[in-house]
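Subject: Structure handover

Hello,

Here is the structure for you to look through. Please open it first, then read my notes below.

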Amino acid sequence: MTVDLVVRNCTVVTPAGRTPDAGVAVEDGTIVAVGRSDRLPDADRVVDAEGKVLVPGIVDGHIHNREPGLEYKEDWESATRAAAAGGVTTVVGMPNTDPVIDRPEHLELKFERGEESAHVDFQSYAVVTSENLDLIPEIDEAGALGFKIFLGSTVGDVPPPNDGEIIEAMEKIREIGKRLGFHEENGEIIDHYTEKFQAEGRNDPIDHSHSRPVIAEQEAVERMITFAEETGAKVHMFHVSSGSAAEAVARGKERGVDVTAETTPHYLWFTEEVMREKGNPARIQPPIRDADEREKLWAVGIEDGAIDSIATDHAPHTPEEKKVDDPFGNTWEAISGFVGLETEVPVMLTFVDEGRLTMEEWVRRHSTRPAQIWGMYPQKGSLQVGTDADFTIVDPEREWTLEDADELHSKNCVTPFIGESFTGKAVATVVRGEVVYEDGDVVGESGYGTRVDVE
């Protein structure tokens, strides 16, 4: 038998373990064999990945691709081009676009635009507001992966429902079997300190961070877990930034609440000192925390397991919006967010190289668990025979430094990771059997990526 593609002579790593001198065989976009290299069939194309590691395709469950409506920042094509270059095979777009993804026709528009131009596979969340509670079943029918509520002020100024409406939304989403995620910050606390700091003339980048204290995040996590415990809803905490919030998640899990949580590479890598070193380009919401909170996030979130998954919160803005030319200027005039699709794999591989987590643990959190949490497993996040042939090939020993934003593929590439050094990098990305990135180039066609179907 001759198949379409075989990758051989690499180490295959899944959450269950690693197999040296192994590979994967692909036919018609699906995996037909995984095993020792000498037992794989002949193929029309053979990739010799000697010295490399092959893992299930990386799933990023939290990106802002900005389309529709904000394409001057990013769009499906540029975001998924960056994903392919970063070793990411599936992305999930956030709903704070223009129009906001709050009704079936807006979700369908987002999907249509993705089908036209995406390089990798994709999905999208829909937002819940006070205005669309009755539309939740229809939005589900239109194919939303899950739902999101923005608690507190955030980019796009999408107002949250009140607490009663949140409970009602949880009940409706529980009935359809989907998961409800949150931007979890207490808006009243943030508004108080923002107004106070501005009145006092506290305009430095670190002041933005301190205007959004850990208690704002922790309280929001605790409150949503309490609501989920009452309603039986499945909930998810996006971009957990602090160890204190991770502890709140752990307490919810101990009580039997179906709560999952993600953190991002930047919360694990940096401390708030980056605001003093790099300024507004590192501004993000929730903010990067102090060293004590970061180490607690590692201890409780990663080592003890409160954090289920890794994602980026990839959020492109123009250099002008990020105040790149005035990085330590008035922070209230800058915007929050930065890109991450091309640095997430290098950051996590660097942590593996440093011994902070194993390769298997990384794969579980960056591929398998996000696919499971959002109902895409095993088609995504696995190397099971019969599933989508999505995999990422990495060189875990490559040492390199991100010297300049021009090395990245998004429309706007502001990131505090410029100047950082890594050990490890994605060297090839395969989506449903098609090589979309190799040898430093995105080679897949725009429009190849497709929406991931979920029940």
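**Two helix pairs**

Val214, Glu217, Gln218, Val221, Glu222 and Ile225 of H7 meet Ser244, Ala245, Ala248, Val249, Arg251 and Gly252 of H8. Contact here means heavy atoms within 4.5 Å. By class, this contact of H7 with H8 has six nonpolar, three polar and three charged residues. Ala, Val, Leu, Ile, Met, Phe, Trp, Tyr, Cys and Pro count as nonpolar; Asp, Glu, Lys and Arg count as charged; the others, Gly among them, count as polar.

A word on the source. This is a predicted model, in which local features need pLDDT of at least 70 and side-chain atom pairs count only at pLDDT 80 or more, while totals for chains, interfaces and linings use all residues. Residues are numbered from 1 along each chain as its sequence is written, and side-chain values use heavy atoms, with hydrogens and water left out.

Helices (H or I, at least four residues) and strands (E, at least two) are DSSP runs, numbered from the N terminus. H7 covers residues 214-231 and H8 covers residues 243-254. Their axes come within 8 Å and cross at roughly 15°. Axes are lines fitted to C-alpha atoms, for helices over the stretch in contact, and angles run from 0 to 180 degrees between N-to-C directions. H7 and H8 are therefore roughly parallel (angles under 35 degrees; over 145 is roughly antiparallel, 65 to 115 roughly perpendicular, the rest oblique).

Now the other pair. The axes of H1 (residues 76-86) and H2 (residues 104-117) come within 9 Å and cross at roughly 60°. That makes H1 oblique to H2. Trp76, Glu77 and Thr80 of H1 touch Lys110, Arg113, Gly114 and Ser117 of H2.

**Domains**

The chain is divided into domain 1 (3-54 + 386-399 + 420-442) and domain 2 (58-374). These bounds come from an automatic or database domain assignment. The domain centres, taken over C-alpha atoms, are 29 Å apart. In contact are 25 residues of domain 1 and 28 residues of domain 2.

**Backbone points to check**

Most residues other than glycine have a negative phi, and most peptide bonds are trans. Which peptide bond is cis, with omega near -5°? The one from glutamine 285 to proline 286. Proline 286 lies in the loop between H10 (273-277) and H11 (291-303). A cis peptide bond also joins tyrosine 377 and proline 378, with omega about 5°.

Arginine 432 is not a glycine, yet has a positive phi of about 45°. Arginine 432 sits in the loop between S15 (421-431) and S16 (434-438).

Best wishes
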